[in-house]
Amino acid sequence: MNAMEPWADRRRMVNFLSTEEATDSERLSEVYGVERYRRLTAAKKAYDPTNMFWVNHNIPPA
């Protein structure tokens with residue numbers, strides 16, 4: 001057992017995700033929160049449906 005476990009924080013920051021994590025919509029949903037991620041994907045669908053702006057922790061269109 002890790003002695004620091006009681007003080008560990010399970011939250012993640014988008015800037016520190018690996019490439020694999022940043023492309024996994026389930027992982028992104030966990031990081032942003034379900035409701036916020038849903039709003040982000042809806043905005044992406046409305047303003048960038050072809051996913052032209054896909055660099056830097058891409059949010060895929062809904």
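Let me start with the core. The largest nonpolar core has 8 residues: Val14, Leu17, Ala22, Leu28, Val31, Tyr32, Tyr37 and Ile59. Helix α2, residues 25–32, is the top contributor, with 3 residues. Keep in mind that this is a predicted model. As general background, nonpolar side chains in soluble globular proteins tend to be buried together.

Now α2 itself. Which residues of α2 are buried? Leu28, Ser29, Val31 and Tyr32. Looking down the axis of α2, these buried residues fall within an arc of 165°, so they line one face of the helix. Glu26 and Glu30 sit on the other side of α2, and they are exposed. What covers the buried residues of α2? The cover includes α1, residues 19–22, and α3. After α2 comes Gly33, with a positive phi near 95°.

Next, Tyr37. Buried or exposed? Tyr37 has a relative accessible area of 9%; the cut-off for buried is under 20%, so Tyr37 is buried. Setting aside neighbours within four places in sequence, Tyr37 is in contact with Ser25, Leu28, Ser29, Tyr32, Ile59 and Pro60.

On to aromatics. The structure has 1 aromatic pair. The ring centres of Tyr32 and Tyr37 are 6.4 Å apart and the planes are at 20°, so this pair is stacked.

Now the charges. How many salt bridges does the structure hold? It holds 3.

Take Glu21 and Arg27. Their side chains form a salt bridge at 3.1 Å, N to O. Glu21 is buried, at 16% relative accessible area. Arg27 is partly exposed, at 29%.

Then Glu35 and Arg38. Their salt bridge is at 2.5 Å, N to O. Both residues lie in helix α3, 3 residues apart, about one turn of the helix. Why does that spacing matter? An α-helix has 3.6 residues a turn, so residues three or four places apart point the same way. Glu35 is partly exposed at 41% relative accessibility. Arg38 is partly exposed too, at 45%.

Asp48 is buried, with a relative accessible area of 6%. Lys44 is buried as well, at 13%.

One more residue before I stop: Ala43. Ala43 is in helix α3, residues 34–47. Ala43 is partly exposed, with a relative accessible area of 34%. Along the chain, Ala43 and Ala62 are 19 residues apart, and their C-alpha atoms are separated by 8.4 Å.

Key:
Residues numbered from 1 in each chain as written. Predicted model: local features only at pLDDT ≥ 70, side-chain atom pairs only at ≥ 80, totals over all residues. Heavy atoms only, no water. Core = buried A, V, L, I, M, F, W, Y, C linked by side-chain atoms within 4.5 Å. Buried < 20%, exposed > 50% of the residue type's maximum accessible area, 1.4 Å probe, protein only. Helix = DSSP H or I, 4+ residues; strand = E, 2+ residues; numbered from the N terminus. Contact = heavy atoms within 4.5 Å. Phe/Tyr/Trp six-rings, centres within 6.5 Å; stacked < 30°, edge-to-face > 60°. Arc of directions from axis to C-beta. Salt bridge = Lys/Arg side-chain N within 4 Å of Asp/Glu carboxyl O.
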